[in-house]
Amino acid sequence: PVETENGNRKPLALDQTYNSQEKKSWDQNTEQMFAAEDAILAMEAGADGIMVSNHGGRQLDGCLASIDALPEVAKAVGGRVPIWLDSGVRRGTDVLKALALGASAVGLGKPVFFALSVGGEAAVSYMLQLLQTELEAAMAICGVESIDQVTPDLVMRHPAAFDPTTAASSKML
């Protein structure tokens, strides 16, 4: 968070096209966040949803993956608004992991554009069917029959995985 000229705090990642006066004219507002603190500030400002995204890692090479930021943001949001995970979703197992770690939904950017460029609308339709089939297969392998049964215990993190709370790993950038 940073202080603005009038002394208010706002998230660093808050989309500059949003302000509280514009909120009144929007049916829904979703803010892109990457930290729990930013998500809380966005909700206090009236955001109806949170999108966890590192913008495809384009802004800072080697930054934390969106899926790794998701659990902290989900915990801070506490179910008060929907959470979308964007960045890195390529397979049905990615969707399952995102849902298990707190996402309400996922954003699909590159898979849609790749499919569209290769085969147009039919390829996008096929890609979406394939993603659904992969998600259903992953759910079956995990023994869950519905999205409501998807829980965090379905995801096991590697013990040496990046931990943003430790001093050593926070120096990796």
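The side chains of Ser 53 and Ser 87 are joined by a polar contact of 3.4 Å; such a contact is a pair of N or O atoms within 3.5 Å, where, within protein, one must be able to donate a hydrogen and the other to accept it, and residues adjacent in sequence count only if both atoms are side-chain atoms. This is a predicted model, in which local features need pLDDT of at least 70 and side-chain atom pairs count only at pLDDT 80 or more, while totals for chains, interfaces and linings use all residues. Residues are numbered from 1 along each chain as its sequence is written, and side-chain values use heavy atoms, with hydrogens and water left out.

**Ser 53**
- Ser 53 lies in the loop between S4 and H3; helices (H or I, at least four residues) and strands (E, at least two) are DSSP runs numbered from the N terminus.
- Ser 53 is buried, at a relative accessible area of 3%, where buried means under 20%, exposed over 50% and partly exposed in between (1.4 Å probe, protein chains only).
- A polar contact of 3.5 Å also joins the side chains of Ser 53 and Asp 86.

**Helix H4**
- Seven of the nine residues of H4 (residues 92-100) are buried, including Asp 94, Val 95 and Leu 99.
- The buried residues of H4 pack against helix H3 (66-77), strand S5 (83-85), strand S6 (105-106) and helix H5 (110-142).

**Contacts of Val 77**
- Not counting residues up to four places away in sequence, Val 77 touches Ala 39, Met 43, Ile 50 and Ile 83, contact meaning heavy atoms within 4.5 Å.
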